[in-house]
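Dear colleague,

I am handing over the structure below, and I would be grateful if you could look through it alongside the notes that follow.

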Amino acid sequence: MRLVSENQLIYIFWNVQHSVRKLVYRVHVKVFTREVDTTVGQNIIVIGGGGAGLGAAGGAKAVDPSASVTVFTENEDVAYSPCGIPFVHGKEIPSFEALFLADKQSYVDAGIEVRYQTKITAIDTSTKTVQIESDQPMHYDSLVISTGFSYANPGVPGGELDGLYYVKNIREAMEWDKRLDTVKKAVVVEASPLGVEMITALAHRGIETHVIDPNPWALGELADPDIVELAQESWAELGVTMHWNTSLQEFLGNESGAVRGVRTSNGDIECDLVVVATHKVPNSELAVAAGLKTGSTGGLIVDGGMQTSAAGVWASGDICEIPHGLGGLPLQGLTGSHAYAQGKVAGANAAGGNRTYNPVYVPWGMVAGKWMIGGVALGEVTANALGMPHVVAVADGISRARYYPGVKKVRVKLIAEPGTLRLIGAQMVGGEGIKERADFLGVAVKAGLTLHDLATMENVYSPPIGALNEPIAVAAQKGVASQMGR
Ligand SMILES: Cc1cc2nc3c(=O)[nH]c(=O)nc-3n(C[C@H](O)[C@H](O)[C@H](O)COP(=O)(O)OP(=O)(O)OC[C@H]3O[C@@H](n4cnc5c(N)ncnc54)[C@H](O)[C@@H]3O)c2cc1C
């Protein structure tokens with residue numbers, strides 16, 4: 001007679017194995033690390049309380065509600081939108097309080113422990129521990145690194161002067177905002193996406209604003225000159241002075257250590273405030289010191305599940321580099337929406353899930369002066385720089401019926417592969433509806449749609465919200481017509 005069935009044997013074996021594993025783990029934790037409550041399930045640590053880190057914490061909890069999830073941040077707060085800061089400075093949003101999306105208690109309620117103003121100073125992937133300042137090491141089962149970005153160091157003399165504003169932290173922004181009331185003249189260093197928003201904000205605030213940038217036009221690495229032209233005209237109307245093809249050489253100070261101007265390749269500009277909006281670089285020192293692999297952009301290399309080169313370690317947000325959907329070129333320093341979505345995937349997988357983050361096509365958009373500008377994937381200038389053959393199709397259209405009050409201009413420029421006319425990018429400028437078109441064209445590039453598809457697209461026509469002729473369709477029709485008979 002059999003005493004136990006085969007299933008029972010498997011069950012007993014599994015239980016014994018599980019208990020042994022638990023015992024070994026407890027001994028390891030007791031001996032080598034700070035006490036961790038092992039009764040609550042796996043221990044997931046997230047370094048970073050920005051969009052990526054919070055996305056990761058939420059993603060982990062969604063997959064494994066019993067997991068102990070701890071988020072470390074150097075900041076005093078989490079869950080605020082840094083993206084709104086320029087608009088408070090510009091007085092479009094009345095207060096910084098509006099930028100907080102959740103309060104501290106909501107994380108406690110969600111079972112996520114947030115350690116504020118606490119810096120992780122080292123990661124040891126061999127013992128699976130992180131070092132919390134001078135405290136004892138803390139053990140993790142899975143780690144997510146979401147340490148984000150810093151603005152690139154301008155690398156010129158005078159970097160220690162008072163009056164250099166790196167727009168990022170909301171508490172600091174509150175203090176800077178009070179100071180802006182007394183600022184008469186400001187210089188924005190580089191018309192990057194943040195620079196563009198700050199130029200507009202400072203000008204709205206009535207501050208005499210100058211911008212210096214080594215490129216020949218604003219957003220030189222992202223946008224085409226015919227797209228930013230209208231924005232630049234509207235900055236000029238707001239009194240902004242633009243210094244293109246101009247590099248920063250030095251921050252100039254007075255005897256009390258405050259900035260009094262900048263020295264550039266085209267002369268000195270006096271000012272009482274400098275906004276440093278240089279490009280974003282990944283905060284990768286911690287991960288690099290732990291031996292994690294970085295790529296050509298300096299960002300951490302991750303696989304399709306956001307796992308780094310180290311076992312048990314995932315990453316998300318501006319610390320990572322992600323392949324472009326067209327050709328796989330690595331990109332770093334994407335946007336807050338990318339960071340949050342990557343965090344969700346990294347956190348879910350750190351907790352035992354199996355999610356994928358796909359290559360990106362990067363729809364983008366922003367307000368510049370009185371215009372909205374945006375695009376997706378490649379512009380004409382980038383395609384030329386990459387040596388990619390392409391055809392260009394442009395249409396100047398309108399956002400509503402031409403007789404409807406508030407109708408605005410919309411220019412759409414489509415970039416396509418010669419022959420197949422497959423869409424490889426778009427650039428747009430207009431008074432409204434740019435974001436929606438950028439999102440739609442992002443999907444179109446990803447799906448491999450052609451100018452033929454877009455030329456015959458259906459569109460909403462309703463006088464207050466859309467014109468009879470959709471500018472995307474008109475541009476595509478022109479592109480198709482220009483290629484007929486070739
Ligand atoms: C002014 C401004 C405007 C923006 N506008 C937009 C916009 O319009 N649209 C958009 O999509 N995105 C916008 N962004 C988002 C931005 O460009 C980034 O893509 C986004 O902030 C990246 O999120 P992240 O979580 O990867 O990194 P970050 O936001 O940089 O967060 C990094 C986190 O890591 C923590 N950290 C770093 N090192 C350590 C350590 N050693 N120990 C503990 N904690 C550590 C920091 O304290 C912080 O909590 C804006 C950002 C700013 C600052």
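By class, the shell around the ligand holds 13 nonpolar, 15 polar and 4 charged residues, where Ala, Val, Leu, Ile, Met, Phe, Trp, Tyr, Cys and Pro count as nonpolar, Asp, Glu, Lys and Arg as charged, and the others, Gly among them, as polar. This is a predicted model, in which local features need pLDDT of at least 70 and side-chain atom pairs count only at pLDDT 80 or more, while totals for chains, interfaces and linings use all residues. Residues are numbered from 1 along each chain as its sequence is written.

Of the 32 residues around the ligand, those that come nearest are Gly 48, Gly 50, Gly 148, Gly 317 and Gly 336; a residue is near a molecule if its C-beta atom, placed from the backbone, lies within 6 Å of it. Two or more residues of this shell come from each of α2 (51-63), α3 (85-89) and α9 (336-350), helices being DSSP runs of H or I with at least four residues and strands runs of E with at least two, numbered from the N terminus.

The protein is divided into domain 1 (6-150 + 282-350), domain 2 (164-278) and domain 3 (364-483), with bounds from an automatic or database domain assignment. At least three residues of the ligand shell are drawn from each of domain 1 and domain 2.

Elsewhere, 5 strands form an open antiparallel sheet in the order β22-β23-β26-β25-β24, pairing being assigned if DSSP finds at least two bridges between two strands. The edge strands, each pairing on one side only, are β22 (364-368) and β24 (391-398). Strands β23 (residues 371-377) and β26 (residues 423-430) are joined by 6 bridges, and Ala 377 has Gly 425 as its bridge partner in β26.

Best regards
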